[in-house]
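Please look over the model below and then work through the questions and answers that follow.

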Amino acid sequence: MSAESRPELRIIGFLCNWCSYGGADTAGVARLNQPTDLRIVRVPCSGRMDPMFIAKAFYGGADGVLVSGCHPRDCHYSEGNFYARRRLELFLRFLPVLGIDPQRFHYTWVSASEGQRWQQTVTDFVERIHSLGPLPQLCESDPAMKQLAQCLGGGE
Amino acid sequence: MRIGVFICHCGSNIAGTVDCEAVAEAARSMPDVAFATDSMYTCSEPGQEAIIKAVTEHRLDGIVVASCTPRMHERTFRRTVERAGLNPYMFEMANIREHVSWIGRDKKANTTKAVDLTHMAVEKLRHNRPLQSKSFAATRRVLVIGGGVAGIQAALDCADAGLEVVLVERNSTIGGKMAQLDKTFPTVDCSSCVLGPRMVDVAQHPNITLYAYSDIQAVSGFVGNFEATIRKKASYVDWDKCTGCGECMEKCPVKDAPDEFNEHLATTRAINIPFPQAIPKKAVIDASRCKRLITGKCGVCAKICPSDAIDYEQQDTIITEKVGAIIIATGYGLFDHKVYGQYGAGRFPDVITSIQYERMLSASGPTGGHVQRPSDGKEPKNVVFIQCVGSRDKSVGRPYCSGFCCMYTAKQAILTKDHIPDSQSYVFYMDIRSPGKGYDEFIRRAVEEYGVRYVRGRVSRIFPQNGHLVVRGADTLMGAQVQVEADLVVLAVGVESAPGAKELAETLRVSTDTYGFFLEGHPKLKPVETNTAGVYLAGACQGPKDIPASVSQASAAAAKVLGLFAKGELTSDPQVATVDQRRCVGCMKCAKTCPFGAVKEVEDRAGDPKAEVVETVCQGCGICSATCPQGAIQLNHFTDDQILAEVNALCQPNLGLNSE
Ligand code: SF4
Ligand code: SF4
C-alpha cells in the first residue's frame, strides 16, 4: 500500500523552530518524498511543549502526534529540550490513563541539517500510525482528561 | 477581524503539485477571511504591492501568506505588512512549499494539506495581537574567538572601524594554520610575509586586546549584551616581564618536548616560543614536560631568565569581558590519516602529511627548508602526493570535499621541483577542483612547467621495499595498474572541524552541521550569521575554506558587526514572555526554569510576590509558559491559545475543498 493510495490519517507534528523545523525544510529543499498525512505546528522550542497540546490534539481527533526538537546539548535555548524530554517522558507514561496507545505518540531529535533523518522519521511514524489505524473517538469530558489537566497544570 | 489570504504559486514550485486556486477558494470560506487570492510570486515586488493594495481596498487587519518556509521570508512579509500600515505581527505564514509541494507527489493530497496549513495559519492569526519592540543599548565591543587569518582579519576590520575588539586565541601565538605554511597558492607568495605584518598590526592596535593561550569558558547574555568568561591558562611565565629573548629555551635540559608548531617533525624544549615571529612573542612552559613542575628539581630557566619572568607558581586566571557581538573564527582541524591502514597508518616514517611537508619546505622549519626523508635524512628524488586523504570518502565519515587540497598539493609539487630540481613528483588524484581566481592556470603550470605527473586514480596500497616505498594504485584514465617507487609520500589530509568546536558551539548556543562545522543561518542568505543573534562566523570554522575565502568571510562578519552597532540602539524581539499578574501565584517556577534568568520576582501592591519578565533578556523560548501551573506566563505570539487554535484547525474535518 503506497502512502498516496490509502486514506490519510490525522497526524500532527510539533517542531522546534531552530532544529527540527529547519530539518523538515532541509528535507523539502532536497525534495525528499514523504507521506502527506503529517501536518506541522511550529513552536519556538521543544521546551515550549505543554503536554496539554498533545492531549488536546488526541481529543480533537488526531491519530498520532510527533514532537521533534534539537538534539540534546544542541538546543538554541541551551536546555529547552531537556525540559521537553522530562515532560514528554512523563506524559508518555500517562497516555494509557487517557486511553491512548502510547505508540501513537513519539518524540525525537532532528537537527536542521538532517533532512534525510527527518524523512525517515516521518515515514516511519506515519507507517506506525497507519498500522495502528484511526484512533477511536475520545471524549473531552472524560474524567481522565480532567485529571490530566490538574496534574500537568497550565494548558488553558 | 478581516483577514487577507495570499496563496503563492512560487512559479511552478508550488503550483506544480498544489492547486493554488482551489486553496484560495477554500480560504474564502474560512472564518474572518475577507479576501483570498493566489499569486505568481508573492515575495516579488508586484506580489508585495498586491498585499499592500489589498489591505487598503478590503480594509484588512491581518494577512496570511501561504508560500515557502517562514525561515526564509517571514521577515520580508512582516516588513510588507508594516508598510501596509499594519502591525508586523498581524501576519502568519503557511509553509506549503518545503512542507507540501516539494515532498508530496499527489496533487489532490497536497492541495488538501495546503488548505489545512492555510486554515491553521488563519486560526492562529485570529488570536494574534499587535506587538511592539523595545529599544536597548548595545555594548559596542566585539569578541573574536580564534586568531588565525580569519580572526586576525575580522579583528583588524572591526578595530580599524573604531570598535573595541577582544581577541581570544587558545595557542600561545596568533597566526593559526597560515603561520605554519611556507608559501601560498596560486601566487607562491611567502606566507609569513603576507601574514606577519597583519599579526604585528594586531599586537599594536590600540583597539585590540589580545588574550593568547586562553579559552572561552562561558558566554552568557544575548545580542548587544554578552558577557564572556575567558580562562587565561597558566604559562608559568610572567608575560609582562618576558621579552621573548629565548635564552631560557637554549638552556632548558628537556629536549624532547613535542613541537606542535612543527607538526612533530622536531622536538623542542619544555619552555618554548613556537616560532621567531610569534605574536605575542612570549615563552610558555609545557607543564607535562617541565622537570621543575613535575619533580621540583631543575629551575634552570628561572636562573637564566634575564628579566626574572619565570613563575612556577602561576595559576590560570579568569577574566570577564562585556561585548555586544561575537565572531567565531576557530578554523579547522586536519584529518588523522592513521585510520587508513593501506597508507601505512602512521607506521612508515617516510609517509608524512601535507602540513608536515609544509614545515619541511619552510626555511624557518625544523630542516631549515631542506626536503629530507624523515627516516634517513636523505634528499628524496621521487615524491608521491596522494590527494583526498580523508576527503570525499564516506567510509571514514568524510564524504565532503575539503576544497583546497588540490591546490596546496599542486603548490607543494611545484615547490618540490624548486627545492630539488632533479626530482619527479607524482600526484594521485580523484578530480582536480580548482575553481578560484588563477587556480586552474596554477594547476596547468604544475603540469606544464614543472613536469608534475598527475595520475587519476586511488592508491590501493603503500608498502616498503628495498629502502623505497612502493605506491600501488589504479590509473583510471589508462585503465591500468600503476606502481611508483617513492622516496617520500605526502598525504593531502582533508579538513575537519577544529578540536573543541562542538564544546564551543554548546557554550555559544549555536548549531553545528553533521561534521561539526558551525552552521550558518542560511546557506545563501545568511552565510556569515548563525541562528543566534549577534554571533557571526568567519573562515574555515564554517566549512573548508582557503585563505582568500576565509579573509572575505572575515571581512563580511566584521561588516555585519558594524552594521549591527551602526543602529545605535538595538530593538528587542517582542516575541517574549509576559506575566498575567492576576493569575500569577508567585511560585517562581518560571524563574527557576528560565535558562536566561529573564524572570525576576517583584511585589504587587498588596506585597505579594509576582513574576515579571525582563523583556530585553527574554529570548522567547517559552519554557516558562510550559512550566507555569497557572498558565499565567505566556509567550507572546506562541500563547497556549494560539497553539491550541492551530491544533484545533488541524483536528477539524477538511474545510471547503469542493468535494468531488
Ligand atoms: S510559574 Fe507562573 S505562577 Fe509561578 S511565578 Fe511564574 S508566572 Fe507566576
Ligand atoms: S520565554 Fe520564558 S523561559 Fe524563555 S527566556 Fe523568556 S522568560 Fe525565560
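Ala, Val, Leu, Ile, Met, Phe, Trp, Tyr, Cys and Pro count as nonpolar, Asp, Glu, Lys and Arg as charged, and the others, Gly among them, as polar. This is a predicted model in which local features need pLDDT of at least 70 and side-chain atom pairs count only at pLDDT 80 or more, while totals for chains, interfaces and linings use all residues. Residues are numbered from 1 along each chain as its sequence is written, chains are lettered from A and ligands numbered from 1 in the order in which they are written, and side-chain values use heavy atoms, with hydrogens and water left out.

Q: How do the residues of the shell around ligand 1 divide into nonpolar, polar and charged?
A: The residues around ligand 1, those with a heavy atom within 4 Å of it, include C584(B), C587(B), K589(B), C590(B) and C628(B). By class, the shell divides into 8 nonpolar, 2 polar and 1 charged.

Q: Which three residues supply 76% of the area that domain 3 of chain B buries against domain 4 of chain B?
A: The domain assignment, automatic or from a database, gives domain 3 as 247-315 and domain 4 as 335-496 in chain B. About 610 Å² is buried between these two domains, where buried area is the accessible area (1.4 Å probe) that two parts lose on being put together, summed over both. The three residues of domain 3 that supply 76% of its share are N262(B), E263(B) and L265(B).

Q: Which residue is the bridge partner of S214(B) in strand 12 of chain B?
A: Strands are DSSP runs (E, at least two residues), numbered from the N terminus, and two of them pair if DSSP finds at least two bridges between them. Strand 11 and strand 12 of chain B run antiparallel and are joined by 8 bridges. In strand 12, the partner of S214(B) is K232(B).

How values were computed. Helix = DSSP H or I, 4+ residues; strand = E, 2+ residues; numbered from the N terminus.
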